[in-house]
8 protein chains.
Amino acid sequence: MKTLQEELSTRVEAYDFWATRRRYGPKGANNLNLWVLACMDERLPVDEALGIHVDTPAGHGDAHCFRNAGGIVTDDAIRSAMLTCNFFGTKEIVIVQHTQCGMLSVNAQDLEKHFRDKGIDPDNITLDSTLPELKLEKGAFAKWIGMMDDVDVTCMKTVEAFKNHPLIPKDTVISGWIWEVETRRLRAPTLDPEKRARTDVTSVPFGVKGKQPPRWS
Amino acid sequence: MKTLQEELSTRVEAYDFWATRRRYGPKGANNLNLWVLACMDERLPVDEALGIHVDTPAGHGDAHCFRNAGGIVTDDAIRSAMLTCNFFGTKEIVIVQHTQCGMLSVNAQDLEKHFRDKGIDPDNITLDSTLPELKLEKGAFAKWIGMMDDVDVTCMKTVEAFKNHPLIPKDTVISGWIWEVETRRLRAPTLDPEKRARTDVTSVPFGVKGKQPPRWS
Amino acid sequence: MKTLQEELSTRVEAYDFWATRRRYGPKGANNLNLWVLACMDERLPVDEALGIHVDTPAGHGDAHCFRNAGGIVTDDAIRSAMLTCNFFGTKEIVIVQHTQCGMLSVNAQDLEKHFRDKGIDPDNITLDSTLPELKLEKGAFAKWIGMMDDVDVTCMKTVEAFKNHPLIPKDTVISGWIWEVETRRLRAPTLDPEKRARTDVTSVPFGVKGKQPPRWS
Amino acid sequence: MKTLQEELSTRVEAYDFWATRRRYGPKGANNLNLWVLACMDERLPVDEALGIHVDTPAGHGDAHCFRNAGGIVTDDAIRSAMLTCNFFGTKEIVIVQHTQCGMLSVNAQDLEKHFRDKGIDPDNITLDSTLPELKLEKGAFAKWIGMMDDVDVTCMKTVEAFKNHPLIPKDTVISGWIWEVETRRLRAPTLDPEKRARTDVTSVPFGVKGKQPPRWS
Amino acid sequence: MKTLQEELSTRVEAYDFWATRRRYGPKGANNLNLWVLACMDERLPVDEALGIHVDTPAGHGDAHCFRNAGGIVTDDAIRSAMLTCNFFGTKEIVIVQHTQCGMLSVNAQDLEKHFRDKGIDPDNITLDSTLPELKLEKGAFAKWIGMMDDVDVTCMKTVEAFKNHPLIPKDTVISGWIWEVETRRLRAPTLDPEKRARTDVTSVPFGVKGKQPPRWS
Amino acid sequence: MKTLQEELSTRVEAYDFWATRRRYGPKGANNLNLWVLACMDERLPVDEALGIHVDTPAGHGDAHCFRNAGGIVTDDAIRSAMLTCNFFGTKEIVIVQHTQCGMLSVNAQDLEKHFRDKGIDPDNITLDSTLPELKLEKGAFAKWIGMMDDVDVTCMKTVEAFKNHPLIPKDTVISGWIWEVETRRLRAPTLDPEKRARTDVTSVPFGVKGKQPPRWS
Amino acid sequence: MKTLQEELSTRVEAYDFWATRRRYGPKGANNLNLWVLACMDERLPVDEALGIHVDTPAGHGDAHCFRNAGGIVTDDAIRSAMLTCNFFGTKEIVIVQHTQCGMLSVNAQDLEKHFRDKGIDPDNITLDSTLPELKLEKGAFAKWIGMMDDVDVTCMKTVEAFKNHPLIPKDTVISGWIWEVETRRLRAPTLDPEKRARTDVTSVPFGVKGKQPPRWS
Amino acid sequence: MKTLQEELSTRVEAYDFWATRRRYGPKGANNLNLWVLACMDERLPVDEALGIHVDTPAGHGDAHCFRNAGGIVTDDAIRSAMLTCNFFGTKEIVIVQHTQCGMLSVNAQDLEKHFRDKGIDPDNITLDSTLPELKLEKGAFAKWIGMMDDVDVTCMKTVEAFKNHPLIPKDTVISGWIWEVETRRLRAPTLDPEKRARTDVTSVPFGVKGKQPPRWS
């Protein structure tokens, strides 16, 4: 029979490792060695969609989770993925975008005009005041906003961007998925009109006229 | 007594509004009119820390949640906040960073060297291949990584950056908080040594030598 | 260890099969390969009576369930059984009628008179306006209503009708049962006066005078 | 304070009324005064779809529920609705059909051929051996099977057939609904291509060639 | 605010009263002021049948419960009822017998013969060796066994016997009930053949030949 | 795989056996082959005290339970035990009496006087009007009431009376127990003053003067 | 509607007060302003006995709880009570001792002899090596052990000692209680032989010969 | 199959042993053979901190638990530990003190002055009126109060005092632990400034000036 002293020593040590795991780099990786990129929308429940635990009571999270508007590739997403994949033990990337995304709902040029009308000149804004070295070429503001024409295309292009990025290790497993808000189900991205017909995947049903500024050819 | 026909009409309409809420701009805002910026770390449970529901079964999320490495301001965070505050009804921003953050645990220059050693030249990388117009000045790579010297300082500076950003409406309520991984408690950011002494808030306990590239003065 | 990508692929595929199972004919049969014929009465709880799941949260139903007034054989019941047995994999038929049935409670001739008194001529009605080719001989209206004299006899005759019908495969397993509303128990149909005495199985306790139009000899 | 004797008398009487309610005609109506017509498919959960209780532990059902292949109008459906509306207190009819219905998945002529190939002559079959007075005109067998080209059209035509039928009281409230198997949601029937595009509502995605025998013009 | 001392004094006193309640005669009556007479059969659940608590965790019983073979009147039942009604505050008597009772299942004369065959002479037995003053007239053994011909009659006669007994206060509320084992329901005793037909209430279905020794005329 | 028909046949048969078990004599014994004799007091929870189920939802009782005032031997208790042991399969008798029993709380002579004062002559009462052949000798009324001087003695004498009774089979296992109301615990009956001192086992703490009429020597 | 910022400020402040409450002296008193003195025995459940929460999940304790061998007055108990009553807001003292206490089970002189037999001289021991200024007179070792002759007397004397002690404020509410291990109930201390008879309250049932060294006269 | 008589005998015996276990000395030890010394503070949840059960429903406690102000060694703690280790089977001692302890929050000399100001002369007080043989040297009052300068030092010194005490068996396993109120976690006592920095372990953060009277050198 173990003494309580031995028992308590074991328990105290285990918690200490968890609480300080980021200190151990790859050896202190999250449980699934997983980094998720998802849209910030409240209609996309990451845990339910993927069957994992990204936002749970203290001590139980099992994956790193990056969320931004659209769940798209950005320099910030690359930065965050680069850190977790190279230095904190992550081996897999899962990307989740969703139908009915707000990023499909307006034309980027209109958004840009919104700011100009309020007297803000998007061509002369420091995007991140803590990093003025990051510069956006004049005229690229609307494109920077990241609006989409088609969420399936965006998802496939996002996977591609991560697969080809020099800062992401080549052996990282990378896949992309679409969460259908209408059906509460996950599916692979696709261009098959039949499969896409069930859900709002383009800007058309939102009444958006014209194309968004193109981010890939 | 209502007929079932009337009852069903009401129910069907209510779900439809929820599922398509992003289509209605500010009128289809999330329930708390809230945008959260948090670190992507699995030791930061956003729901538990803030008492909200950002990752819940389909139909119950009540806030937009942006997460990146560090929970810091970036051009992507500004982009996402700009969209939700200007076009989707958000009135409040809450920023949550945490102690024991991986962003405190290594020196950015060492990370940069890691890539150079592998033959990658950080000065000649397209950060986001879908947006080549976004350019980082040569020599700024280490700074771009966003490592911190002090999480409280970073949190306070992050709040400031959002408060002063031209793309964020002036009447947005903005606050910043520190989640203590060691105590599983939230506190306001502070420089008071006594309150900070309880937790790992600087890069010192991680054995980091030297300062990170400065992002504010 | 499986990657999450593999895991998600498996799950997405499984749900897809379920949701589209009727497309696969006999290979997409319901879980019990079962078709139930039951009365539409709310005092007959089909799940409780048979220990199956005919009306359950989406994704869990395990049998096809036909319900009509009386749970009797009709051309519609034959049509539905024919479809499921020949084309959708069903191998067994279970028929459930119940005591205290409303079909015992009035005389069919009185019902017919009810309509005639209101100026409706049952001999000149198109039963199903979408199928005028289906014709009821003059004078057969009361018989068509399907009232019963005796629920046990009706149940046994119903089983017989299905067993002998040319559109039902000969190797289908077919049985009939009586749900006793009074005792909340199931029993086999019987003519044994002792077993029948416990419950209302004929039209006599309902004060019905005379016989219903005979449907079998 | 009531004596237990008084208490027991009340309880015994209440149960007796429930168990024998069909004896009291309109005064012993089901709780919702409702009759439901639904497809017999196990992917259509009637309780979940309508928020009612049609198949529950003994003593709690609140509606009459008719189910057949397709949830379509038939002479049996008219018979059952006629009985509950005229004689058992029902005031409302709700019709529920569903997408992905098996009735969309094959061509009726092919089904007819299936039987002919097995040596059965559909033109010379007694549909219901207990009611030989019910006759189907020669050549109408395929039409009688009740296959659909389009579930929304079928649903709307079904509502119409009930509204116009002489045996159904004119003041009965009647509505029709589509359960989307793909989205697990209810919607009103519609011909709006956008709303229909999300789900399989016609026989086209099932590869059915040609039209089903027409039941309305 | 009460001190804990006051709180504890109150609690200790309350339990003491409960535990010693029989010491206070009528003032320490059971909660329902009720005495139940029931059969000892395990198929008669007294709590479920009457909605009371006669056998519950210590401290929660709310009625006195006498049970014997048949739930019939005996000198012991009179003795027990006399005690609780006159000296322990009881104001109501509820009698519960049940269908399918073992007391209907054999002929008392056969039981008597069973003992004679084993060499026991029922005419010369001291029934209760602690009370030899209680004497049964020769020849009355079979009658003493208390078998029934008809449980409804027995129940009604039992009520009558209590109502007329000089040792039971005249203002005691007394009622009798039949628990139907077949239907798991309670009903009033009755001679109405229709109501009785549902259940085994006489010795006939048990194949008993002849009448039991008569206990009333 | 069994068909549902086979499954239903098995279930229906099993319930039938249970509901009619008393018809099969010893073969239809209760589950524990047990007969309990207990006091009718609501402070004696038979299930909790013995760890059995004597009063449970329909279908789960596992023992016959006789209860009277005191839980003492009477001619009725002998009658009931004789029936279950000889004809219904019972193999064991457990007797439970309890401390603080009301049967210790008054002197039988005072009770007798209570009736005489009200004008009732206990020497001329028919104890059981349905069995006038059962006669109590004049002067034995007080003794018949069954009051106790000492519950442990009574319990041991009760066991003895059952063990020696000619109508109880010799191989019946018989034991007696005392439930301590004060401690909510069961113990064996005893005369050991130390063990008895903890609880009220005699009439002394109730202030009873003199001995009860003796039932054993 | 409160902003989340306001909500979080309130919550953070409330927890801070709790966690640091001892810093605020009487203003940071425990919830019940209560100090409990109890025996250290595992058969005395303080929460159950008093209906309070002395050992609960972090953040919910509502009373200070001192436990030692016997739950008796000692200089340590006075020290602890003095601190909480004078400096930490306590207004009430509750003392709980229990029957079957180990302090009744041996004679103190025998314990002293046990040590002498092992070569330890109790007259020359420093009781508390961190406080050699605390001295026990030679010959007082056995008395110091604190064995009891009678737990009720000890409890009453303990209450008295606290009531009269100069270091305890005069307006402190003080009461003493006995937990009966045998009955799992609380009672006031008493010398009434009847009430004490139920439980082991003296050293007699433990076979202890002679008196313990007297601590009061 | 066991008879119920055998079953009941076993159960009754088992409970008896538990309830009287202190009577059997070392053979009736508590389940963990454990004695805990803890502070009396309500912010120290002993069960949660150690994963044991010291205050549980009657019958389930598994350790002896001594609690005083500070959880420090005193003559009373030695007395209680001596008893359980030598005479009641205890084999292990676990000591738990906690951060934020009230014993760190005031200077003992100030407490002494508090009493002098109220006219009480601490040099002339009988600490324990039931044991006047226990004497504190003049001038030692402040030291006797037991205030701490540093909880880690105190904890380590407390362990030492128990390990070296002649009345505690040499083979007793002894360990000391600190419960961090701030983090709700247990840790070993330490002088490592980094580990201590997280929590209030000295009197400094309480604004205490000067050292407490020294209890060790």
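These legends describe close-up views of the contacts between chains in a predicted model. Residues are numbered from 1 along each chain as its sequence is written, chains are lettered from A in the order in which they are written, and side-chain values use heavy atoms, without hydrogens or water. Local features need pLDDT of at least 70 and side-chain atom pairs count only at pLDDT 80 or more, whereas totals for chains, interfaces and linings use all residues.

**View 1. Chain A meets chain B.** The contact (heavy atoms within 4.5 Å) takes 87 residues from chain A and 87 residues from chain B. The size of an interface is often given as the accessible area lost when the parts come together. Here chains A and B bury about 7600 Å² between them, 58% of it on carbon and sulfur atoms. Buried area is the accessible area (1.4 Å probe) that two parts lose on being put together, summed over both.

View 2. Residue pairs in polar contact number 50 between chain A and chain B, both residues at pLDDT 80 or more. A polar contact is a pair of N or O atoms within 3.5 Å; within protein, one must be able to donate a hydrogen and the other to accept it, and residues adjacent in sequence count only if both atoms are side-chain atoms.

**View 3. Helices and strands line the chain A side facing chain B.** Elements that each supply at least two residues include α1 (4–19), β2 (64–68) and α4 (108–117) of chain A. α3(A) gives the most, with eleven residues. Helices (H or I, at least four residues) and strands (E, at least two) are DSSP runs, numbered from the N terminus. By class, this side has 45 nonpolar, 19 polar and 23 charged residues. Ala, Val, Leu, Ile, Met, Phe, Trp, Tyr, Cys and Pro count as nonpolar, Asp, Glu, Lys and Arg as charged, and the others, Gly among them, as polar.

View 4. β4(A) is joined to β4 (residues 134–136) of chain B by three bridges, and the strands run antiparallel. Strands pair if DSSP finds at least two bridges between them. A:Leu136 stands opposite B:Leu134.

**View 5. Chain A also touches chain C.** Here 16 residues of chain A are in contact with twelve residues of chain C. About 1100 Å² is buried, with 62% from carbon and sulfur atoms. A:Glu92, A:Trp177 and A:Arg185 lose the most area in chain A, together 43% of what that side buries. One salt bridge crosses this interface. C:Asp16 and A:Arg185 form a salt bridge with an N to O distance of 2.3 Å.

Conventions
A salt bridge is a side-chain nitrogen of Lys or Arg within 4 Å of a carboxyl oxygen of Asp or Glu.
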